[in-house]
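This report covers charge pairs, aromatic contacts, the nonpolar core and one annotated span. The sequence and structure come next.

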Amino acid sequence: MSNIRVLKEWFERVDSEKTGNITTIQLQSALAVGNLQFPITVVQQMIRMYDFDRNGTMSFEEFVALNKFLLKVQQAFSDLERGRGFLVPDEVYEALLKMDISLDSPAFYTVCESFDKEKNGRFRLDDVMSLCIFVQSARNLFNSFDTSKQGRVTLDLNQFIFCTANCRI
């Protein structure tokens, strides 16, 4: 429970206007203090992923949920990086498996190509977090259409456009 207290103190410092919610810019700045550099598009995706009340900001409870996810990604990364500070694609795949995310090879390598910022096959922690946020967001969106839980969906054009607009990073 002391972790919750620390998170609450951090959240209240970031919530400079004392609204009980933090904005995308506030979250991006706070993550940067912890050496996590994310483009604004990734931070927006974080908020969309955990914005349960859909108000465009992040409450403390939503922040706790995001923190839990980021810690899970960080642990998977730490278990595999062997002091190098990066993962190679096979290790990224293993990290995804640790998070109960399984992709086929074409999907996995397409996602890796999109998130390999330096195009050198080395994924730093923020790269892996960005990739995991994208994949988890896509999975959440997919599951919202897969009401029969069969692992397959049929989308009309409007639904497809909705999906692509909600999974962009």
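Lys 117 is partly exposed, because its relative accessible area is 44% (buried means under 20%, exposed over 50% and partly exposed in between, with a 1.4 Å probe and protein chains only). This residue forms a salt bridge with Asp 127, and the closest N and O atoms are 3.2 Å apart; a salt bridge here is a side-chain nitrogen of Lys or Arg within 4 Å of a carboxyl oxygen of Asp or Glu. Asp 127 lies in helix 7 and Lys 117 in the loop between helix 6 and helix 7, so the pair ties together parts that are ten residues apart in sequence. Helices (H or I, at least four residues) and strands (E, at least two) are DSSP runs, numbered from the N terminus.

Lys 117 also forms a salt bridge with Asp 126, with 3.7 Å between the closest N and O atoms. Salt bridges that share partners join Lys 117, Arg 124, Asp 126 and Asp 127 into one network.

## Basis of the values

The model is predicted, and local features need pLDDT of at least 70, side-chain atom pairs count only at pLDDT 80 or more, and totals for chains, interfaces and linings use all residues. Residues are numbered from 1 along each chain as its sequence is written, and side-chain values use heavy atoms, with hydrogens and water left out.

## Other charge pairs

Side chains of opposite charge can pair when their charged atoms come close. The structure holds eight salt bridges. One of them joins Lys 98 to Asp 79, whose closest N and O atoms are 3.5 Å apart. Lys 98 lies in helix 5 and Asp 79 in helix 4, so this pair ties together parts that are 19 residues apart in sequence. Lys 98 counts as partly exposed at 40% relative accessibility, and Asp 79 counts as partly exposed at 43%.

Charges also sit over rings, which requires NZ of Lys or CZ of Arg within 6 Å of the ring centre and within 35 degrees of the ring normal. Lys 8 lies over the face of Phe 60, at 4.6 Å from the ring centre. The charged end of Arg 84 is placed over the ring of Phe 86, 4.9 Å from its centre.

## Aromatic pairs

Rings of Phe, Tyr and Trp (its six-membered ring) pair if their centres lie within 6.5 Å; planes under 30 degrees apart count as stacked, over 60 as edge-to-face and the rest as tilted. By this rule the count comes to nine aromatic pairs. In one of them, the rings of Phe 11 and Phe 63 have centres 6.0 Å apart and planes at 40°, so the pair is tilted. The pair links distant parts of the chain, with Phe 11 in helix 1 and Phe 63 in helix 4, 52 residues apart. Phe 11 is buried at a relative accessible area of 2%, and Phe 63 is buried at 6%.

Phe 115 and Phe 134 form another aromatic pair, tilted, at 5.7 Å centre to centre and 40° between the planes. Phe 115 lies in helix 6 and Phe 134 in helix 7, so the pair ties together parts that are 19 residues apart in sequence. Phe 115 is buried, with a relative accessible area of 11%. Trp 10, Phe 11, Phe 60 and Phe 63 form one aromatic cluster.

## Nonpolar core

A nonpolar core is a set of buried Ala, Val, Leu, Ile, Met, Phe, Trp, Tyr and Cys residues joined through side-chain atoms within 4.5 Å. The largest such core has 44 residues, of which Leu 27, Met 46 and Phe 69 touch the most other members. Helix 1 (2–14), helix 2 (24–33), helix 3 (40–50), helix 4 (60–80), helix 5 (89–98), helix 6 (105–115) and helix 7 (125–145) each supply at least two residues of this core. Helix 4 gives the largest share, nine residues.

Contact means heavy atoms within 4.5 Å. Not counting residues up to four places away in sequence, Met 46 touches Leu 27, Leu 31, Phe 38, Met 58, Leu 66, Leu 70 and Ile 133.

## Cys 112

Cys 112 is in helix 6 and counts as buried at 5% relative accessibility. Leaving aside neighbours within four places in sequence, Cys 112 is in contact with Pro 89, Val 92, Phe 123 and Leu 131. The C-alpha atoms of Cys 112 and Ile 101, eleven residues apart along the chain, are separated by 14 Å.

## Annotated span

An unreviewed UniProt entry places the feature "domain: EF-hand" at residues 38–73. UniProt positions are given in the numbering used here, feature names are shortened, and annotations may be inferred rather than shown by experiment. In the model, the end C-alpha atoms of residues 38–73 lie 15 Å apart, and the span is 69% helix and 6% strand.
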